[in-house]
Every structure is written in structure tokens, then in C-alpha cells.
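Subject: Structure handover

Hi,

Here is the structure I said I would pass on. Have a look at it first, and then read on for what turned up.

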Amino acid sequence: MILDLQDDRVRKDRAAAWPLEEIGYRTATANTGDSIDAPVLFRGVQLFHKRPNGLVVLVPGDFNGDVGGGFALWRKSAVTPPIDLAAAITGLGLALGPPRPIPPKTLGTETRDSIAPPPDAHDAAYVASLLALRPSPNPRIRSNAVAQIVTGWQGKLQYKKPITEADRVILCASLQDTFIPKSFWAVQLQNKSLRC
């Protein structure tokens with residue numbers, strides 16, 4: 001079985017003509033075989049959008065005459081209910097382990113809200129499994145969600161002490177992966193003499 005998670009922002013050239021204006025979406029799809037072309041067992045969608053709040057506003061036109069003004073619906077951000085992935089997985093007959101405890105923060109970072117707890121062995125295994133995936137035969141690249149998870153792990157790794165050899169190997173694999181964009185955190189780690 002393959003579980004495919006996507007988290008993408010909607011790229012649009014102009015405002016939506018319909019009441020709902022999409023901003024982004026998340027999808028979770030489970031396929032029966034080892035390909036995304038296999039029959040679907042489960043599919044969940046969460047939509048991020050803007051919807052009218054009942055007010056109409058007058059929008060001025062562009063001074064160059066390129067864009068005309070007019071009336072527009074005033075919108076507010078909204079989101080559909082999140083995907084209940086745990087219920088979907090147990091509904092497929094798969095067992096879930098106990099919830100993971102949050103690891104303690106690294107000494108010296110306890111009072112800094114912007115610094116997350118350092119990654120643990122579960123995080124490393126998760127990132128390694130994502131890096132082990134390869135694109136399917138059809139022309140499809142990894143989603144932004146995978147890159148965000150990997151670069152997020154890189155960001156938390158800089159506050160881990162000590163960094164294990166397994167962490168170093170996974171970091172080097174992430175730097176060689178052409179589907180993962182080079183991140184600021186990877187450069188920071190390399191500047192701290194963490195070489196591949």
C-alpha cells in the first residue's frame with residue numbers, strides 16, 4: 001500500500017469568479033498496490049479558501065487603465081475540516097502505535113519559543129523513508145510537503161546535541177536529493193563543520 005500526502009498552494013492569475021476562492025489544499029490518498037495508479041482505498045481532502053462574508057466593496061481601477069475597477073465580494077479565510085488520517089488508517093485495518101512524547105528542548109533553548117525540540121530517532125527514520133521514495137514512472141515530482149518535512153528536520157537538527165552519525169548520513173542524503181531544495185538550515189549545519 002502507498003500513502004500519498006500532498007500539501008500545495010493554489011497558484012492563480014486572477015481572482016475567482018465563483019464565491020469560493022481556493023488558496024490551497026491537502027490531500028491524503030491510500031492506494032492498494034505499490035503505485036499511485038493502483039485502486040484507491042482512501043482519499044481525503046482539506047481545502048483552504050476564501051469565502052464571501054456578506055459585504056460588497058468598491059475596488060478602484062488601475063491608474064494605467066490596465067485593470068478596471070468595480071464591485072467585489074469581501075472575503076474571509078476559511079478551511080474545511082482536517083483529514084482524520086488516524087481514523088482512516090485504523091479503518092483500513094492497520095494498527096497505530098501509541099502517541100509519541102514530545103522530546104525535551106536542548107539546553108539553552110528552553111525559553112525560546114521559535115526553537116522546536118530537537119528531532120529524535122523517529123524523526124530521522126521518517127525523513128530517511130521519505131528520501132528513499134522515488135518518483136513514480138509517470139512524470140510526477142515530490143510534493144512541497146515532502147520538502148517541507150525534510151527542510152524542517154534540517155532546521156531542528158542544528159539544535160540537537162550531539163548529532164549522531166545516522167543524522168549526518170541522512171542529512172548528506174537530503175543534500176544530494178535533487179527533489180529537495182537547498183535550505184538555509186543545511187548551509188548552517190555545513191558551517192558547523194557537519195560535512196558529507
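Let me start with the largest cavity, which is lined by M1, L3, A30, F42, L85, A88, I89 and L92. Keep in mind that this is a predicted model. By class, that lining comes out as eight nonpolar residues, with no polar and no charged ones. Helix α1 (residues 85-91) supplies the largest share of the lining, at three residues. As for volume, the largest cavity holds about 30 Å³ of space. Searching the whole structure for cavities of 30 Å³ or more gives one.

Helix α2 (residues 121-132) packs against helix α3 (residues 144-157) at an angle of about 140°, and their axes are 10 Å apart. That angle is why α2 counts as oblique to α3. The crossing of α2 past α3 is left-handed. On the α2 side, the residues that meet α3 are D123, A124, Y126, V127, L130 and L131. Their partners in α3 are V146, I149, V150, W153 and K156. Sorted by class, the residues of this α2 and α3 contact are nine nonpolar, two charged and no polar.

Then there is the pairing of α3 with α4.

Here α3 and helix α4 (residues 165-176) also pack at an angle of about 140°, with their axes 11 Å apart. Again, the angle makes α3 oblique to α4, and α3 passes α4 in a left-handed crossing. From α3, the contact uses V150, W153, Q154 and L157. From α4, it uses D167, I170, L171, S174 and L175. The classes in the contact of α3 with α4 are six nonpolar, two polar and one charged. If you are colouring by contact, note that V150 and W153 are listed in the α3 set that meets α2 and also in the α3 set that meets α4.

One last thing to check before you set anything up: which residues does a cis peptide bond join? They are K161 and P162, and omega there is about -10°. Most peptide bonds are trans. As for where to find P162, look in the loop between α3 and α4.

That's everything from me for now.

Cheers

Methods
Residues are numbered from 1 along each chain as its sequence is written. This is a predicted model: local features need pLDDT of at least 70, side-chain atom pairs count only at pLDDT 80 or more; totals for chains, interfaces and linings use all residues. Side-chain values use heavy atoms; hydrogens and water are left out. Axes are lines fitted to C-alpha atoms, for helices over the stretch in contact, and angles run from 0 to 180 degrees between N-to-C directions. Helices (H or I, at least four residues) and strands (E, at least two) are DSSP runs, numbered from the N terminus. Angles under 35 degrees count as roughly parallel, over 145 as roughly antiparallel, 65 to 115 as roughly perpendicular and the rest as oblique. A crossing is left-handed if the near helix is turned anticlockwise from the far one by less than a right angle, and right-handed if clockwise. Contact means heavy atoms within 4.5 Å. Ala, Val, Leu, Ile, Met, Phe, Trp, Tyr, Cys and Pro count as nonpolar, Asp, Glu, Lys and Arg as charged, and the others, Gly among them, as polar. On a 1 Å grid over the protein atoms alone, a cavity is a set of points where a 1.4 Å probe fits but cannot get out, and a pocket is an open set with protein on both sides within 12 Å along at least five of seven lines; lining residues have an atom within 4 Å of a point. Grid points are joined across faces, edges and corners, and a volume is the space filled by probe spheres set on the points.
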